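Colleague: Please take a close look at a single part of this model and walk me through it slowly. I would like to know what it is made of and what lies around it.

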Amino acid sequence: MSDNLLQTPQTRASARQRPTGQQDKATTPRMRAFRLTLDPTQAQLADFNRHAGASRWAFNHALAMKRAAHQQWRSKVDALVAQGIPEPAARKTAKAKIPTKPSIQGHLNRIKGDSRQPTEPGMYGPHRPCPWWWEVSTYAFQSAFLDADMAWNNWIASLTGKRAGRKVGYPRFKKKGRARDSFRLHHDVTKPTIRPDGYRRLQLPRIGSVRLHHTNKPLARLIDRGQALIKSVTIARAGHRWYAMVLCEVHQPIATTTRAQKARGRVGVDLGVKILAATSRPLLLTPGTAETQLIPNPRHAGQDRRRLTKAQRAYARTRKGSTNRAEAARRIGRIQHQTAERRATTLHTLTKRLATGFETVAVEDLNVHGMTASARGTLDQPGRKVKQKASLNRAILDAAPGELRRQLTYKTIWYGSHLAVLDRWWLSSKTCSACGWRNPSLTLADRTFQCATCGLNLDRDINAARNIEQHALPVAPERGETTKTPVEGTEVPPASRTAGSTQRSGKTRPRPGHPRGAIPGSPTPRDTPQPPHQPDAACQLHSEQRAA
């Protein structure tokens, strides 16, 4: 087994003999990550912490150089404006180049020190940074430089309106104890140094063979058959565990809808808090149990709330910088990590059953960010029922409807099913799924929907799930956006908004008053933070106006 793993996928593919008459299925390359739980030794734990610290230092070093160049450009613009030059002309005149990975890495190679070479007596000069660079893999530095470039480009794209989704803030430095301990390693795919070492170990460059808590047989067999090629591995700590996320290019067969999926057809899923999910058709969630349409909400955060509160109070009584405080912080992290793992298990079980059991899975386009917004208000207009709204926000985030939607997006592609999305403004809970009559006075306290026209008496969540099944629009594969044409047999009410509109897809338009800067892709002085790590007053005012 180990000899086969040392070979390249191309060598194994050419050496493998196929049965006569067997035809290859059409395959497509996809990037897929395999999450493995590590069981390192004490020496390997020290290596993990050393690499994570080096990656954090490299990210901060690259970000500091970017901030310095950005501040230099702002100073030039301010000087030109002080001379009477209009601001638009000053932005075009001022030039400053934001350093990227190649220049940052070359600069560090010229100035870094070396702890293996002791300083000669009588020599004076500036302190040379990073003298311990040789103790860790060079990929820990290079991947951190790439992450800094991505963080900076994401901020620029968000300010200029080119990036969809929530607003991205100014890149911040990573602080030890607050930032996640992680680092990413790459290798030469022709001479792989990241590879499975049997079924219970993983070989890592500069660290060695690390034992696993469980088997990595699926990954090892894909590599042995020449169907997977390891690109990189990310080592990260979560709670009291260290994990390895192995990113691979997997050549897997193109999934098609099975006969069992076609037989079951389409299913609508209504997500909630009291009930985690209600389905329009019976669903077998766990083998050996009866089919059900109402999946209860385990409320994982509520189960651990007493333990977490006790641990947080113990942490608050400790002294800063003490050993007891570090131990209390680890205890809190462990409880939160266990809660997150149980929540992930529940969501993965549900989404896999939906993606493999039906031809089309229909869900609502929920605005989770808006649903979990705070109700505290402002000093002039204070909010009402702030405590109750905060409790509801915790319950919504514990149910994780956004994560469930994300998992369905890629699992429906994996298993040959399709995803359909209902417009968020469609009144699925207040509309009769049989005749279309609407009850505008329906409240959250009413758990049963009673139709005044046809007499339908049904659980409100199941009624909403049926409406979602009937009226959801299909989603374009690989993009997560709804198509313009409805599915055969579905009806799009004229009162609902277009499913592919910009507002619901999360795309942002270029903000008014935000012209392009002189630096390619950089913001204007009005958009730049004051101080660098915070947005200026104009951006804050604009954001408050958008939120209002």
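Modeller: Among contacts in the chain (heavy atoms within 4.5 Å) between residues at least 6 apart in sequence, 64% join residues at least 24 apart. The model is a predicted one: local features need pLDDT of at least 70 and side-chain atom pairs count only at pLDDT 80 or more, while totals for chains, interfaces and linings use all residues. Residues are numbered from 1 along each chain as its sequence is written, and side-chain values use heavy atoms, leaving out hydrogens and water.

The chain has 17 helices and 15 strands; these are DSSP runs numbered from the N terminus, with at least four residues of H or I for a helix and at least two of E for a strand. Of its 548 residues, 39% are buried. Buried means under 20% relative accessible area, exposed over 50%, and partly exposed in between, with a 1.4 Å probe and protein chains only.

The part to look at is an open sheet of 4 antiparallel strands, in the order β1-β7-β6-β2. Two strands pair if DSSP finds at least two bridges between them. At the edges are β1 (27-38) and β2 (182-186), each pairing on one side only. From one strand to the next, the twist averages 20°. Helix α11 (residues 323-357) packs on this sheet, where it touches β1, β6 and β7 (241-253), and its direction makes about 25° with that of β7. Such angles run from 0 to 180 degrees between N-to-C directions, and the axes are lines fitted to C-alpha atoms, for helices over the stretch in contact.

Now follow strand β6 (residues 228-238). It pairs with β2 in the antiparallel sense over 5 bridges. L185 stands opposite V233 of β6, and H186 has S232 in β6 as its bridge partner. With β7, β6 is joined by 10 bridges, again antiparallel; A228, for instance, has V250 in β7 as its partner. The hairpin of β6 and β7 has 2 residues between the strands, and G239 there takes a positive phi near 65°.

How many of the 11 residues of β6 are buried? The number is 8, so β6 is largely enclosed by the rest of the structure. V233 shows some of these surroundings: not counting residues up to four places away in sequence, V233 touches F183, R184, L185, I194, L204, A244, M245 and V246.

V233 also belongs to the largest nonpolar core, which has 25 residues. Such a core is a set of buried Ala, Val, Leu, Ile, Met, Phe, Trp, Tyr and Cys residues joined through side-chain atoms within 4.5 Å. The members that touch the most others are L38, F48, L204, V233, I235, V246 and C248. Two or more residues each come from β1, α3, β2, β4 (201-204), α7 (217-224), β6 and β7. β7 gives the most, with 5 residues. In soluble globular proteins, nonpolar side chains tend to be buried together.

H337 is buried, because its relative accessibility is 9%. Leaving aside neighbours within four places in sequence, its contacts are R35, A238, G239, H240, R241 and Y243. G239 in that list is the hairpin residue with the positive phi.
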